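Please look through the model below and read the paragraphs after it with the structure open.

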Amino acid sequence: MANDRRIGIIVNGATGRMGTTQHMANLLAIAAEGGLPLKNGDRLIPELTLVGRDAGKLGALAAAHGNLHWTTSLAEAFAGPDHVFMDCAATGERPERVRQAIAAGKHVFIEKPTAPTVDEAMALARLADRAGLKAGVIQDKLFLPGFAKLLALSQSGFFGRILSVRVDAGSWIFDGTERECQRPSWNYRKADGGGLALDMMAHWRYMIDRLAAPITGVCALMSTAIPKRVDEQGRAYAVDAEDTNYALLKLANGAVGMITNSWATRPRRDDTMVVQIDGTEGSAAAGRFRCFTQSAADTPEAFTAAARAGGVDLMAHWKEVPDTGPNKNPFRQCWEAFLRHLGEDAPYVPTLVEGAKAVQLADLAYRSMAKQRWMAVPQLSL
Ligand SMILES: NC(=O)c1ccc[n+]([C@@H]2O[C@H](COP(=O)([O-])OP(=O)(O)OC[C@H]3O[C@@H](n4cnc5c(N)ncnc54)[C@H](O)[C@@H]3O)[C@@H](O)[C@H]2O)c1
C-alpha cells in the first residue's frame, strides 16, 4: 500500500536569496503537490524548519508560508527530529555547520562551494561517508535549458573531436554608491567566503568536466577591479577578494579551456553566462536559456570575407536548438534527485566528492595565481 512519508528538512539561510527563492520555494511546491511520487507509489512530503539569524524576518517568512516551524538556533534544529540539513546560508563557516549536522545524524544537502579549501571539502565528504549519511551538493547549471541542450549535443557526438571550450561570464555589479549592489557584501570579503573564483569555479568545474572533458590543469590570473564598495547598511568597506578571474585550462582529451569571468564587465552577447564549444564536426554556443549550433557543413567562409565591411554576417549561420518540453526549475530538479536518493536510494551524481572537485578548481586557481604557474589537477577520492 502506498504511504505518505514526511521528511523533515532544516533550511539554514532561509531568508537569503537562494534560501527563499530556490530552496524553500521548490520544496514548498513539492509539498503543495502532495509530495514527490517514488517508484513504489509512496509520496515523500517535505516539511520545513526555517533557520536564520533574524527572528523578525524569519517569523514573518514562516508566517507567510502557513506558519512553518522556525528557529534562530541551529543547535535546536539539530537536536530536533528533522532528517536533512540544507545549508544555503552565506558560504563562510559552512564546514563547521556541516560537521555539526553530521554529528547530529542529519543527511546533508548543501549549496556550493562546500568549503573554502579542497582539504576541508574532502574532510566533509569523508565524514559524511563514514557516518553512513547521504550527502550531496547543489549543481544546478546543467539543468538550465541552454546548457542542458549543450550537454545533449556533447553526449550525441555532435562536436566530433572537441577542440576547445570557452566560458564567458559576468556582468556589471554596482558598487553600492549610486546604485544598489546586486550581490551581498560578504561576496567581497574573504573571511566570509567571498571571492569570484570560489563562488563560480564551483560551477565551471562540473560544467566543463561533463560538457567537454575532465580538467587536468589550470593557470589563473585574478584581480580586484573595484577595491571599495558600500554594504547593505550604507557603510563603505574595502574589498579583499577578487572580482575578476581569468583561467586557461588543459582538458583530459587534449582540448583547451578558457574562462573569462568578471563582476566588472558589460556583456555584449546573448546572456551573462555563455559557453561555447568548438569541435571538428561543429560548434555550439549556449546561454542559460538558448543554444545555437553551427555544423561543419553550415560553416561560412569568414577568414577572407570578414576582411571587408559587410563581407559576412557571422550571426546568420547558426541554428537554434529547439526546446524539447517544458523547462522545470533547475533547483527543483536538484531537489527531486536528492529526495529520490533519500527515499528510494537512487544515485545522486553531485556527491560531496564532486563538490570537493569544484572547490579544488578554485583552490588550484588561487595557488596558480600565488605561485604564478600552471597547477596540475590531482584525482580526488574518498
Ligand atoms: N547554486 C547557485 O547557483 C547559487 C547561486 C547563488 C548563491 N549560491 C550559494 O548559496 C549560498 C547563499 O547565497 P545567497 O546569494 O543566497 O546569499 P544571501 O546573502 O542572499 O543569503 C545568505 C543568508 O545567510 C545569512 N548569513 C549571512 N552571513 C551569515 C553568517 N556569517 N552565518 C550564518 N548565516 C549568515 C544571511 O542572513 C542570509 O539569510 C552561498 O553559499 C552561495 O555560494 C548558489
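In this predicted model, helix α1 supplies the largest share of the shell around the ligand, namely 3 residues. The ligand is surrounded by 21 residues, and the closest are Gly16, Arg17, Met18, Ala90 and Pro184.

Where do domain 1 and domain 2 run in the chain? The domain assignment gives domain 1 as 4–140 + 330–350, and domain 2 as 141–322 + 361–369. Taken over C-alpha atoms, the centres of domain 1 and domain 2 are separated by 28 Å. The two domains touch: 13 residues of domain 1 are in contact with 13 residues of domain 2. On the domain 1 side of this contact there are 6 nonpolar, 5 polar and 2 charged residues.

Return now to helix α1, which spans residues 17–32. Helix α1 packs with helix α8, residues 330–344, at an angle of about 65 degrees. The axes of α1 and α8 are 9 Å apart, and the crossing of α1 past α8 is right-handed. From α1, the residues Gln22, His23, Asn26, Leu27, Ala29 and Ile30 take part in the contact, and they meet Phe331, Arg332 and Trp335 of α8. By type, the residues of the contact of α1 with α8 are 5 nonpolar, 3 polar and 1 charged.

A second pair of helices is α6, residues 145–156, and α7, residues 196–211. Their axes come within 9 Å and cross at roughly 30 degrees. Which residues of α6 and α7 meet? Phe147, Leu150, Leu151 and Ser154 lie on the α6 side, while Met207, Arg210 and Leu211 lie on the α7 side. The residues of the contact of α6 with α7 divide into 5 nonpolar, 1 polar and 1 charged.

The last stop is a loop. Glu301 sits in the loop between β16 (291–295) and β17 (319–320). Is Glu301 buried or exposed? Glu301 counts as exposed because it has 9 C-beta neighbours inside 10 Å, and a residue with 12 or fewer is classed as exposed. Val312 is 11 residues from Glu301 in sequence, and the C-alpha atoms of Glu301 and Val312 are 8.1 Å apart in space.

Terms used: Residues numbered from 1 in each chain as written. Predicted model: local features only at pLDDT ≥ 70, side-chain atom pairs only at ≥ 80, totals over all residues. Axes fitted to C-alpha atoms, helices over the stretch in contact; angles between N-to-C directions. Helix = DSSP H or I, 4+ residues; strand = E, 2+ residues; numbered from the N terminus. Left-handed = near helix turned anticlockwise from the far one by under 90°. Contact = placed C-beta atoms within 7 Å. Nonpolar A, V, L, I, M, F, W, Y, C, P; charged D, E, K, R; others polar. Near = placed C-beta within 6 Å. Domains from an automatic or database assignment. Buried ≥ 20, exposed ≤ 12 C-beta atoms within 10 Å, placed from the backbone.
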